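Dear colleague,

I am passing on the structure below, and I would be glad if you kept it open while reading the notes that follow.

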Amino acid sequence: MPQSSHWIVRRLSHLDGILLTLVLLLLGVSLAVVASASGQSPARISGHLINIGLALGVMVVMANVPPHLLSKVGPPLYAAGVVLLIGVALFGEIRNGSRRWLNLGVMAFQPSELLKLALPLMLAWYFQRNEAVLRAKHFLVGGAMLVVPFLLILRQPDLGTALMIGASGFYLLFFAGLPWKVIFGGATLGAASLPVVWGLMHDYQQRRVLTLLDPTSDPLGDGYHIIQSTIAIGSGGLFGRGWMEGTQNQLDFIPERTTDFIFAVFGEEFGYVGAILLVGLYLAIVARGLVIAARAPTQFGRLMAATLSLNLFTYVFINMGMVSGILPVVGVPLPLMSYGGTALITLLLGLGILMSVATHRQLNKS
Amino acid sequence: MRLTPLKNLDRELARFHGRLKAGAAFVALLAATLLAREFYLQVVQHEHYIQRAESNRISLVPTAPNRGLILDRNDQILAENYSAYTLEVIRVQTHDLEATLAEVGKLIEITPGQLRRFRRLLTESHEFETVPLKSKLSDEEVAILAANRYRLPGIEVKARLFRNYQAGPGMAHVVGFIGRINDRDLKRLRESGREQNYKGSVHIGKTGLEQSYETLLHGRTGFDQMETDASGRAVRMLSRIPPVPGKDLRLHLDLGLQAVAEHAFGDFLGGLVALDPNTGGVLALVSRPGFDPNLFIDGVDPDTWKELNESAERPMVNRALRGIYPPGSTIKPFMALAGLELGVRKPTDSIADPGYFSLPNSRHQFRDWKRGGHGSVDLRKSIAQSCDIYYYRLAVDMGIDRMHDYLAKFGLGERSGIDLEGESPGLLPSRDWKQRRWKKAWYPGETVIAGIGQGYHLTTPLQLATATAMLANGGKRIEPRLVQAVRDPLSHVWQLQPTVARGQVAITPAHLAAVREGMMDVMRPGGTASAAAAGAPYTIAGKTGTAQVVGIKQGARYDESRVARQHRDHALFIAYAPAEDPKIAVAVMVENGGHGGSTAAPIARAVFDYYLTGKRPGNMKLEANDATE
C-alpha cells in the first residue's frame with residue numbers, strides 16, 4: 001500500500017486531517033460571525049485571530065504529546081486543582097456574589113476551569129491503571145474523585161460549571177463501564193430529589209429557571225436576553241437575513257453577541273439552513289472523536305477521546321439551548337464560535353489530546 | 001494472597017463500543033432537540049419573530065402639526081402660535097426629584113407659583129410623562145441649563161409650540177383656550193379613534209372655538225419612521241409622513257365691535273350677542289367678566305384657579321351662552337305676534353288698563369309695572385310702553401299651550417345650534433313640561449305671568465338674539481355661527497362655511513309690520529328706551545325688559561334705589577337696526593342693571609353706532625382694546 005502524503009503529514013505533525021479540517025471550517029465561520037457581531041471592529045477581529053492562532057498552537061503542541069505522557073499529568077493536575085479549589089473556598093475573592101476567583105497577584109484565576117480537563121485526565125488515568133482488575137469499588141473511588149470537586153464548585157456557588165464538570169466525570173465513568181442499573185437508579189433518585197435541590201438553589205439560580213419557563217415575566221430584566229435572542233433566531237427564518245444584515249444584531253438588541261449569545265447572531269443571519277449546517281459540523285467532530293475513541297489502542301485514549309467528544313457536544317447543546325430559550329441562562333460559550341481566548345484554548349487543548357490519541361496509536365502499538 | 005482475576009479484554013472492548021453507540025445516540029438526541037427547537041423558532045414561528053424584530057427596530061416619532069390660527073372678520077389675530085423653549089421634567093428619570101428641583105432653582109429663577117403649578121401637574125401625570133416646570137425660557141436660561149444638563153438627569157429643554165391669545169380677556173369666552181391633554185381628553189380621543197393623531201401633541205382645545213373646532217384646528221400629526229438601536233437612539237430615517245397643519249378660522253366676529261361692546265358695559269357684568277340677521281354670523285359675543293386664557297395653556301397655578309372658580313363674579317361662565325334669565329318684557333313683541341298670527345288679537349284691538357288684572361273668580365291682582373296703568377292700550381302702545389296688563393289678558397286668551405307652541409318657533413327654550421359647546425337650552429314652559437318635570441297641573445295664574453316673560457320661562461342672551469334676528473329677517477331661522485370661513489393651510493384658499501337654516505316661520509306681513517312699528521316706537525319719544533336712540537342717524541327697533549332677581553311680595557313695590565346692587569333686577573334689551581333694512585340684531589343682558597331702557601339699551605346703541613357708522617364711544621380711546629395690555 002503506497003503511503004499517501006496525508007499519512008506523512010499525520011506521522012510528522014500528529015494532526016488528524018479530518019478534525020483539523022472541521023475545526024478550521026468552524027473557526028472560519030466564527031471569524032465571519034464575530035466580524036458581523038462586533039460591527040467589523042478591527043480590535044475584536046484581530047483579537048479573535050490572535051486567540052485562534054494561540055489556540056491552534058496549543059492544539060499542535062498537545063497533539064504531539066504522546067498519550068502515555070499525558071496520562072501521567074492527570075493525578076498532579078487533579079490534586080493541584082482540588083487544592084486550589086479549597087484555597088478558593090478559604091481565601092477566594094468574591095465577585096458578583098460568588099467565590100470563584102483566586103488572586104494570583106498578577107492575574108485572577110478560576111481553578112474550576114482547570115478541573116474541566118484535570119478531572120477526565122485523572123479518571124482516565126485511574127481507570128487505565130485498574131483496567132485489568134476493574135471492580136465496583138473502582139467506580140466508587142471514581143465517583144468520589146468526581147464528587148469532591150463537584151461539591152467544592154457547587155458551593156462557590158457556580159451551578160453551571162459544577163454541572164459541566166460533573167457531566168464530564170460522568171461521561172468518563174459511563175464509558176469506563178458504569179453499570180446501567182447504577183445509571184438508571186441514580187437518575188430516578190435524582191429526579192425524586194429535584195424538589196430538595198430546588199430548595200437548596202440560590203435565589204438567582206431559581207430566578208433563571210423561572211425566567212426560562214416564562215421569559216415575559218421579566219422582559220427588561222432576566223428575560224431580556226432570552227427574548228431578544230429568540231427574536232433574533234426566529235427572525236432569521238429558513239435562509240437567514242444575510243451576513244451583516246441581521247437587525248437584531250446590528251442594532252445592539254442581542255446582548256453578549258460576540259461571546260455567549262453568538263448563536264443568536266448566527267441564527268439571525270444564516271437561518272435554519274445555517275443552523276443545520278452548524279450542528280452538522282459539530283456532529284461531524286463528535287463522530288470523528290468517537291471513531292478515534294473506538295480505534296484507540298489504550299483505555300486512557302479510549303476514555304479521553306469519547307469523553308472529550310461528548311463533552312464538546314454538551315457545551316454546544318447547553319449554549320444553543322440557552323440562546324434558543326430551552327435551557328436556563330448559564331455562562332457557557334459556544335465551542336469554537338464564541339469570542340474569548342480561555343475557552344478557545346481549553347477547547348483546542350482537548351482537541352489536541354484527541355489528535356494525539358488518534359495519531360499515536362501505531363506508535364504505541366509498535 | 002489472592003490473585004485478582006484478569007478481565008476478558010475483548011469483552012470489555014465490545015462493551016466500550018456499545019457505550020460509544022449509546023453516547024452517539026445521546027448526542028443525536030441532543031442534536032435533534034436543538035434542531036427541533038430552531039425549526040419551531042425559525043420556520044413555524046418565523047412570521048411572529050420577524051414582526052417582533054421589526055417592531056424592535058422601527059419606531060414612529062410623531063411630529064405635531066402647527067395649530068390653525070383664529071382670525072376675526074378683518075383678519076385680526078385672535079389666537080396664534082409661537083415657538084419657545086420650555087424646561088421640562090421627566091420624574092422617572094430624576095434620581096431625586098427634590099434635589100433636582102433645588103439644583104435647577106439655583107441655576108435659574110423658579111417662582112413659587114411655577115413650582116405650585118408644577119406640583120399640581122405632577123399629581124395629574126404619569127411618572128414617565130414630561131411635565132413643564134417653566135416655559136418661555138430666555139436665551140440665557142437655555143444656555144445655563146444646556147451647560148448643566150449632564151448633572152441634571154430627567155431635566156429637558158425642549159422647543160415647543162405655544163398658543164398666544166393676544167385679543168385678551170374679552171375674547172376668552174369666544175376663542176376659549178387650549179390646555180394640556182389630561183386623562184379625560186385621552187379617554188375621549190381613544191373612544192373616537194383619534195388617539196393616534198395626538199401622539200405628538202401636548203395640548204387640546206378645552207373651551208370655546210378651540211374646543212368646538214378642535215378637529216380642524218389641530219391638523220394631522222406627521223410621523224417619522226426611524227430605525228432605532230437597542231438604546232433607543234435613532235440610527236436613520238426610513239420614511240417620513242409630514243404633518244398637515246391645522247386649518248385657520250376666520251370669524252364673522254369683529255374685534256373692534258367686540259371691544260366697543262365690552263367698553264359699553266363699563267363696570268357692569270352680563271352678556272351680549274350681536275348677530276347678522278341675514279347670515280346668522282355672530283358679530284360680537286360678550287360675556288363679562290372675561291379672564292386671561294393664556295393662564296390655562298400650561299396649567300393654571302392652584303391659587304389662580306381657586307380665585308377664578310370661587311369668585312362671586314364667576315368669570316369662567318359664558319353668560320351669553322349659558323347664562324339663563326327670565327326674558328321679562330323682551331318676550332312681548334313675540335307674544336304680540338303670536339296674538340296676531342293666532343287670530344286672538346287684531347293690531348287695532350284696544351284694552352283698558354286700570355293698572356291691574358285679575359282672573360275670573362279670583363281676587364289676586366296681577367299688577368302693571370306702572371302704578372295706575374296705561375289707559376287705553378293697543379298693540380303698538382303695548383310694546384312701546386311695555387304694558388303688562390295687555391299681555392296678561394293676551395296670555396289668558398291664548399292659553400299656555402298655544403303660547404308655548406308659537407314661541408317655540410322662534411327657538412326659545414331650545415339650543416340655537418351655535419358652533420360653541422356648552423350652550424344652555426333655557427326653558428320654555430308648557431302644560432306638558434310641568435306635568436313631566438314636576439308632576440303637577442298647570443295653574444291659570446302661571447299663564448298670566450308667562451305673558452310677560454316671568455315665571456318658569458328662561459332664555460339665554462344668545463337665544464334672545466336669535467329670536468330677535470328672526471323678527472329682523474322676517475322669520476328665517478338661521479343657526480348662529482362664529483366661523484365664517486376656513487382656510488386650508490396648503491392651498492391657502494378660504495372656504496366659506498355654509499349658512500345653516502332651520503326653516504322659515506310664515507308671518508303675515510301686516511302682522512310683522514305692526515309688531516315692528518311697536519318696537520320702533522320703543523325708541524321714539526314716549527317709548528321705554530327712547531333716550532338710547534336720541535340722535536341716531538338710523539332707525540332702531542327694540543324692546544326693553546327686566547328680569548327679577550328677588551321675588552316681590554304681593555302688595556310690595558320694587559324700588560330700585562333701595563335694594564343692594566346684587567339684588568337689583570337684570571336689565572334686558574333686544575333690538576335690530578336699521579329698522580328698514582336690518583343689518584344687525586342684538587340681545588343685551590346686564591346683570592343687576594336695573595332697567596333695560598337705561599342700562600342695556602345704551603350698550604346696544606354703542607354697538608349699532610360702531611357697526612353701522614364706524615363711530616366709537618367718545619370716551620373710548622382709538623385702538624383702545626382692553627384686550628391687549
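How are H13(B) and H16(B) oriented to each other? In this predicted model, helix H13 of chain B covers residues 332-341 and helix H16 of chain B covers residues 400-408, and the two pack at an angle of about 110 degrees with their axes 10 Å apart. Since angles from 65 to 115 degrees count as roughly perpendicular, H13(B) and H16(B) are therefore roughly perpendicular to each other. The crossing in which H13(B) passes H16(B) is right-handed. On the side of H13(B) the contact is made by Phe334(B), Ala338(B) and Glu341(B), while H16(B) brings Met403(B), Tyr406(B) and Leu407(B) to it. By type, the residues of this contact between H13(B) and H16(B) divide into 5 nonpolar and 1 charged, with no polar residue.

Turning to where the two chains meet, the contact takes 39 residues from chain A and 34 residues from chain B. On the side of chain A that touches chain B, at least two residues each are supplied by helix H7 (159-175), helix H11 (223-236), helix H12 (247-250), helix H13 (262-295) and helix H14 (299-323) of chain A. H13(A) gives the most to that side, with 11 residues. The residues with which chain A touches chain B divide into 25 nonpolar, 12 polar and 2 charged.

Chain B also has an open sheet of 3 strands, in the order E1-E8-E9, and the pairing in this sheet is antiparallel. Its edge strands are strand E1 (58-63) and strand E9 (234-241) of chain B, each of which pairs on one side only. Neighbouring strands of this sheet are turned against each other by 30 degrees on average, with direction ignored. Between E1(B) and strand E8 of chain B, which comprises residues 222-228, there are 6 bridges, and these two strands run antiparallel. Within E8(B), Glu227(B) is the residue that stands opposite Ile58(B).

Some details of the backbone of chain B may be of use if you prepare the model for calculations. A cis peptide bond, with omega about 0 degrees, joins Arg288(B) and Pro289(B), and Pro289(B) has its place in the loop between strand E12 (282-288) and helix H11 (302-310) of chain B. A cis peptide bond also joins Ala577(B) and Pro578(B), where omega is about -15 degrees; Pro578(B) is found in the loop between strand E22 (570-577) and strand E23 (584-590) of chain B.

As for phi, Asp75(B) has a value near 60 degrees, which is positive in a residue other than glycine, and Asp75(B) is placed in the loop between strand E2 (70-71) and strand E3 (77-90) of chain B. Is Asp75(B) buried or exposed? There are 12 other C-beta atoms within 10 Å of Asp75(B), so this residue is exposed, given that the class holds for 12 or fewer. For Arg314(B), phi is near 45 degrees, again a positive value in a residue other than glycine, and Arg314(B) lies in the loop between H11 and helix H12 (319-322) of chain B. Because Arg314(B) has 15 C-beta neighbours inside 10 Å, this residue counts as partly exposed.

With best regards

Terms used. Residues are numbered from 1 along each chain as its sequence is written. Chains are lettered from A and ligands numbered from 1 in the order in which they are written. This is a predicted model: local features need pLDDT of at least 70, side-chain atom pairs count only at pLDDT 80 or more; totals for chains, interfaces and linings use all residues. Axes are lines fitted to C-alpha atoms, for helices over the stretch in contact, and angles run from 0 to 180 degrees between N-to-C directions. Helices (H or I, at least four residues) and strands (E, at least two) are DSSP runs, numbered from the N terminus. Angles under 35 degrees count as roughly parallel, over 145 as roughly antiparallel, 65 to 115 as roughly perpendicular and the rest as oblique. A crossing is left-handed if the near helix is turned anticlockwise from the far one by less than a right angle, and right-handed if clockwise. Two residues are in contact if their C-beta atoms, placed from the backbone, lie within 7 Å. Ala, Val, Leu, Ile, Met, Phe, Trp, Tyr, Cys and Pro count as nonpolar, Asp, Glu, Lys and Arg as charged, and the others, Gly among them, as polar. A residue is buried if 20 or more other C-beta atoms lie within 10 Å of its own, exposed if 12 or fewer, and partly exposed in between; C-beta atoms are placed from the backbone. Two strands pair if DSSP finds at least two bridges between them.
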